[in-house]
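Have a look at it first.

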Amino acid sequence: MQAFPKDIYTEPVGYSVNTLDMLGPLRRMTGIWEGQKGLDVKPKAAGPKKQVFTERIELQPIDPQTNGPQLFYGLRYHTHITKPDQNKTYHDQVGYWLWEPATETILHTLTIPRGMIAMASGKATAQADQFECIAKIGDPTAGISSNPFLDYAFKTIEYRILVTFLDDGSWSYEQDTVMAIAGQADPFHHVDTNTLTKVGEATPNPLALEAIKKPS
């Protein structure tokens with residue numbers, strides 16, 4: 001059980017407002033990225049189907065966030081995925097990647113416009129080359145919630161994302177969404193993988209920009 005301070009109200013003071021310098025392992029994800037050779041293995045009535053996809057993800061720093069004494073640095077992200085031969089959206093997702101320096105904890109939140117949200121958590125050092133975040137159904141602090149139809153037909157019972165930073169500056173992910181599908185005895189592993197290459201730099205967070213503009 002994690003120990004928490006008795007004083008749950010007093011916010012920290014004197015911390016850096018420059019999020020880009022304080023993101024721990026997430027610092028290598030900042031900016032705008034594209035991946036052209038993503039692979040999705042999804043459930044269909046006839047069995048698993050493989051689909052190649054193209055992805056663009058933008059991760060921008062937000063101002064430091066506090067919950068009383070708790071302090072987070074983070075990135076707001078938007079992922080947009082299409083099929084190579086189509087302009088129609090194949091997958092859209094928004095959320096936050098958060099880093100808590102005091103506990104070396106990473107939180108990954110996701111929301112998709114088909115009626116599903118989740119928050120996954122993991123541990124990593126600030127210099128980690130790889131980390132994993134996990135969410136499980138029923139977990140009150142790293143859980144999953146879906147709309148009634150998805151909960152009945154394609155119930156997500158576990159979500160995992162493994163992020164790996166590569167020597168050339170790119171990064172990859174392996175994502176496993178474990179689903180209990182109506183009429184099927186065994187869980188289905190809905191797997192997505194991609195490698196992302198930077199195409200644009202991040203913009204400093206608002207507080208950091210304000211500090212930069214102030215005369216010395």
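## A loop to start with

Glutamate 104 sits in the loop that links S4 and S5. Helices and strands here are DSSP runs (H or I of at least four residues for helices, E of at least two for strands), numbered from the N terminus. The phi angle of glutamate 104 is near 55 degrees, which is a positive value in a residue other than glycine. Glutamate 104 counts as partly exposed because its relative accessibility is 35%. The cut-offs are these: buried is under 20% relative accessible area, exposed is over 50%, and partly exposed is in between, with a 1.4 Å probe and protein chains only.

## What you're looking at

This is a predicted model, where local features need pLDDT of at least 70 and side-chain atom pairs count only at pLDDT 80 or more, while totals for chains, interfaces and linings use all residues. Residues are numbered from 1 along each chain as its sequence is written, and side-chain values use heavy atoms, with hydrogens and water left out.

## The overall layout

The protein chain has two helices and 11 strands. Going along the sequence, their order is β-β-β-β-β-β-β-β-α-β-β-β-α. The C-alpha atoms fill a box of roughly 65 × 40 × 30 Å along the principal axes. Of the 216 residues in the protein chain, 43% are buried.

## The nonpolar core

Which residues have the most contacts inside the largest nonpolar core? They are Leu26, Met29, Leu59, Trp97, Phe131, Val163 and Trp171, in a core of 34 residues. Elements giving two or more residues to this core include strand S2 (49-67), strand S4 (89-100) and strand S10 (171-181). S3 provides the largest share, five residues. A nonpolar core means a set of buried Ala, Val, Leu, Ile, Met, Phe, Trp, Tyr and Cys residues joined through side-chain atoms within 4.5 Å. In soluble globular proteins, nonpolar side chains tend to be buried together.

Take tryptophan 171: setting aside neighbours within four places in sequence, its contacts (heavy atoms within 4.5 Å) include Met29, Leu59, Val163 and Leu196.

## Another residue in S10

Threonine 177 is part of strand S10. Is threonine 177 buried or exposed? Threonine 177 counts as buried, because its relative accessibility is 11%. Apart from neighbours within four places in sequence, threonine 177 touches Thr156, Glu158, Tyr159, Phe188, His189 and His190.
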